[in-house]
Amino acid sequence: MAKLALAVHGGAGTIRRSQITAELERVYREALRNALAIGWQVLEMKGSSLEAVEAAVCSLEDFPLFNAGRGSVFTHEGRQEMDASLMEGRTLKAGAVAFVRNIKNPIRLARLVMEKTEHILLAGDGANRFAEQMGVETMPDKYFFTDERWAQFQDALSRGEVQLDHAGTQPSPETAVNATPKPIGTVGAVACDHAGNVSSATSTGGMTNKRFGRVGDTPLIGSGTYADDLCAVSCTGHGEYFMLTAAAYDVAARMRYSGLSLSEAARQTVDRLTQIGGEGGLIAVDSAGNVSMPFNSEGMYRGRVDASGELVTGIYNENI
Ligand code: ASP
C-alpha cells in the first residue's frame with residue numbers, strides 16, 4: 001500500500017509578514033487546513049487521488065480570499081473569468097475549462113469535461129453551455145464579487161497594468177477580514193492515494209485587468225497542471241512563464257529523463273523559471289507519497305499532511 005499524501009496551495013507571490021495581521025494569517029491557515037482535512041478524508045476513506053484533489057480545490061474555490069471561484073480577480077472589462085484543470089496520473093486523463101463565468105466550482109466542470117466529453121479543454125461560452133447541459137451549479141455575479149478584488153482592479157486600471165493577483169491594494173476596512181495585505185491566491189492540490197496513483201488540480205481567476213480573453217497556465221495541461229505515473233504537479237505564479245517552460249510537465253520530464261528525485265526535479269523547474277524572470281511556485285507529489293513545494297516568490301500559501309497525519313501550513317519561507 002502506498003503512503004498517502006496530500007498538499008494544497010493558495011497562490012504564490014509577495015506576502016510580507018509586515019502586511020499580514022495575526023488574525024488574517026489565522027484565517028488563511030484555517031482555509032488551507034480545511035481544504036487539507038476535506039481531501040485527506042477522501043484519501044483515508046480509500047477514495048482516489050482525483051476525488052481528493054477535486055474536493056480540496058472545491059473548498060479553496062469557496063473561500064473568498066483566494067483568487068479562484070468566489071473571490072476571482074476582475075478582467076479589464078470588470079468581469080470574472082475563471083480557468084481550471086485537473087489530471088489523473090494513472091489514466092493520463094485530464095479535463096480543463098478556460099474563461100468560464102458564473103460557475104460556482106470551475107474544478108467540478110473541468111472534471112466533467114474529462115469524464116463526459118471527448119475533449120480536454122473547453123473555453124468561454126461553449127464551456128458555459130456545456131455546464132448548463134450538465135446541470136452544474138452557477139451563481140450570480142454578486143456571489144463572486146469582493147471589495148478587495150474590485151479595489152485591486154481599480155488600482156490595476158489606473159496604472160494600466162496587468163497584475164498577478166498579489167499585486168493589489170489594501171482592502172476596505174469594513175470587509176469581513178480586515179487589512180488583507182495583498183490579495184493572492186490561485187489554488188491547487190496534489191495527492192497520492194492508497195494505490196500509489198497521483199492526481200493534481202488547479203483553479204484560478206487569472207490576472208487582474210487581463211484582456212482579450214487572456215488564458216494563463218492554469219487550464220493548460222503540462223503548464224499549470226500535470227500528472228502521470230511518476231508525479232502530479234500544480235503551479236501558481238505569472239502564468240506566461242509557466243507556459244513558456246511547460247513547468248508542470250517539466251517536473252515529470254526531469255524525473256523521467258534525468259532520474260531526479262521529486263524534490264530535485266521540482267527545485268530545478270523553479271530555478272529555470274527564476275532564470276527567465278518568472279515568479280511563482282508549485283506543489284508536487286510522487287507515487288511514493290513524497291511532497292515538494294518550492295517557490296521563488298516571497299511566499300506561497302501552502303499546506304500538507306505530514307507523515308504523522310498532522311495538517312501543517314506555511315506562508316513564508318518556513319520549512320514545512
Ligand atoms: N498562474 C495564474 C495565471 O497566470 C495566476 C496565479 O497563479 O496566481 O493565470
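A residue counts as partly exposed when its relative accessible area falls between the buried cut-off, under 20%, and the exposed cut-off, over 50%. Keep that in mind for this tour of a predicted model.

**Stop 1: the whole protein**

The protein has 9 helices and 12 strands. Now zoom out. Along the principal axes, the C-alpha atoms fill a box of roughly 50 × 45 × 40 Å. How does the radius of gyration compare with that of a compact globule? For 320 residues, such a globule would have a radius near 20 Å, and the protein has 18 Å, which agrees. Buried residues make up 61% of the 320 residues.

**Stop 2**

Select D62 and K104. Side chains of opposite charge can pair when their charged atoms come close. D62 and K104 form a salt bridge, with their closest N and O atoms 3.2 Å apart. Trace each residue back to its place in the chain. D62 lies in the loop between α2 (49-61) and β2 (82-88), and K104 lies in the loop between β3 (93-100) and α3, so the pair ties together parts that are 42 residues apart in sequence.

K104 has 13%, so it counts as buried.

**Stop 3: helix α6**

Select residues 147-159, which make up helix α6. Start with R149, which sits in this helix. R149 has a relative accessible area of 2%, so it is buried. The side chains of R149 and Q152 are joined by a polar contact of 3.1 Å.

Move along to D155 and R159. They form a salt bridge, with the closest N and O atoms 3.0 Å apart. Why are they separated by about one helical turn? Because they are 4 residues apart in helix α6. Their surroundings can be compared with the cut-offs. D155 has 12% relative accessibility and counts as buried. R159 has 52% and counts as exposed.

**Stop 4: helix α9**

Now select residues 262-275, helix α9. Pick R267 and D271. Their side chains meet in a salt bridge, 3.5 Å from N to O. Being 4 residues apart in the helix, they too are separated by about one helical turn. R267 is partly exposed, at 36% relative accessibility. D271 is also partly exposed, at 35%.

Next, select E25, R29, R302 and E318. Salt bridges that share partners join these four residues into one network. Across the whole structure, a search finds 18 salt bridges.

**Stop 5: the ligand**

Which residues come nearest to the ligand? Of the 11 residues around the ligand, the nearest are T186, R214, D217, T236 and G237.

Check three of these with the distance tool:

- T186: a polar side-chain atom lies 2.9 Å from an oxygen atom of the ligand.
- D217: a polar side-chain atom lies 2.6 Å from a nitrogen atom of the ligand.
- G237: a backbone N or O atom lies 2.7 Å from a nitrogen atom of the ligand.

How much of the ligand does the protein cover? On its own, the ligand has 270 Å² of accessible area, and the protein covers 100% of it.

**Stop 6: a nonpolar patch**

Select I120, L121 and I221. They form a nonpolar patch on the surface, and together they have about 230 Å² of accessible area. Look at I120 on its own. I120 lies in the loop between α3 (106-116) and β4 (121-123). With 46% relative accessibility, I120 counts as partly exposed.

**Stop 7: an exposed loop residue**

Finish at S308. Where is it found? S308 is in the loop between β11 (299-305) and β12 (311-314). Its relative accessibility is 63%, over the 50% cut-off, so S308 counts as exposed.

S308 and Q152 are 156 residues apart along the chain. Draw a line between their C-alpha atoms. These atoms are separated by 40 Å.

Notes. Residues are numbered from 1 along each chain as its sequence is written. This is a predicted model: local features need pLDDT of at least 70, side-chain atom pairs count only at pLDDT 80 or more; totals for chains, interfaces and linings use all residues. Side-chain values use heavy atoms; hydrogens and water are left out. Helices (H or I, at least four residues) and strands (E, at least two) are DSSP runs, numbered from the N terminus. Buried means under 20% relative accessible area, exposed over 50%, partly exposed in between (1.4 Å probe, protein chains only). A polar contact is a pair of N or O atoms within 3.5 Å; within protein, one must be able to donate a hydrogen and the other to accept it, and residues adjacent in sequence count only if both atoms are side-chain atoms. Patches are made of residues with over 30% relative accessible area and no salt bridge: like charges are joined within 9 Å, nonpolar side chains (Val, Leu, Ile, Met, Phe, Trp, Tyr) within 5 Å. Accessible areas come from the Shrake-Rupley method with a 1.4 Å probe; for residues, only the protein chains shown count as cover. A residue is near a molecule or strand if one of its heavy atoms lies within 4 Å of it. The radius of gyration is taken over C-alpha atoms; the globule rule is 2.2 Å times the number of residues to the power 0.38.
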